[in-house]
Amino acid sequence: MDQTDAELVRRANAGSGRSFDVLVDRHYRRCLRYALHHLGDATDAEDAVQEAFVRAWRSLSTCTPEKFRPWLTTIVVNCCRSAGMRRTRKQAELPLDGLDGPDAVRLAVAPATPIRPIEETPVGRALASLTPRLREAFLLRHVEELTFAEMARATGAGESALKMRVRRAEQALATALERTHGQ
């Protein structure tokens with residue numbers, strides 16, 4: 001019989017490292033999928049998820065056992081945001097000396113948060129074209145299937161703002177996919 005997340009959290013808090021391993025095994029793929037969609041880079045996504053599980057282990061005693069999944073999602077969201085900011089800072093530090101012509105122009109005008117195709121599919125390209133906030137809201141609602149209340153706890157945004165972000169993301173995705181099919 002499978003143990004619930006709440007039971008595993010209680011046992012892990014009581015000192016069972018194996019119980020936490022089961023939680024990691026159970027949630028790793030979901031967290032990685034979210035991070036990959038959020039960040040668009042497999043290496044960054046894996047690093048963010050590993051950091052999230054380290055943070056989760058260190059602060060597991062603060063988790064309400066029955067709310068483990070949204071609690072963990074909050075940590076993953078924050079790790080993805082941090083990874084995105086680190087990537088932006090690294091790109092801002094790229095030296096332009098020694099570059100000329102199109103390479104220098106391309107780097108000088110690169111967006112603060114590069115949007116790269118997640119997959120080579122119309123849906124992947126459409127998802128990657130969303131702003132980070134819209135992509136985050138869409139993924140939390142439709143991929144992670146969180147309630148708006150859980151999304152608010154995970155992101156720090158208000159529920160009404162999140163509802164608007166999800167709606168805008170849905171509209172932008174529909175428009176992008178219509179354009180793709182119209183070509």
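I started with a charge over a ring: Lys163 lies over the face of Phe148, 5.7 Å from the ring centre. My cut-offs there are NZ of Lys or CZ of Arg within 6 Å of the ring centre and within 35 degrees of the ring normal.

Housekeeping next. This is a predicted model, so I keep local features at pLDDT of at least 70 and side-chain atom pairs at pLDDT 80 or more, while totals for chains, interfaces and linings use all residues. Numbering runs from 1 along each chain as its sequence is written, and side-chain values use heavy atoms, with hydrogens and water left out.

Then I looked up ring pairs and found 4 aromatic pairs. Rings of Phe, Tyr and Trp (its six-membered ring) pair if their centres lie within 6.5 Å; planes under 30 degrees apart are stacked, over 60 edge-to-face, the rest tilted.

Tyr28 and Phe53 count as stacked because their centres are 6.1 Å apart and their planes sit at 25 degrees. Tyr28 is in helix α2 (residues 17-39) and Phe53 in helix α3 (residues 42-58), so the pair ties together parts 25 residues apart in sequence. Helices here are DSSP runs (H or I, at least four residues), numbered from the N terminus.

I checked burial too (buried is under 20% relative accessible area, exposed over 50%, partly exposed in between; 1.4 Å probe, protein chains only). Tyr28 is partly exposed at 23%, and Phe53 is buried at 7%.

Phe68 and Trp71 have centres 5.9 Å apart and planes at 40 degrees, so I logged the pair as tilted. They are 3 residues apart in helix α4 (residues 68-92), about one helical turn. Phe68 is buried at 1%; Trp71 is buried at 17%.

Last entry: Phe20, Tyr28, Phe53 and Trp57 form one aromatic cluster.

How values were computed: Helices (H or I, at least four residues) and strands (E, at least two) are DSSP runs, numbered from the N terminus.
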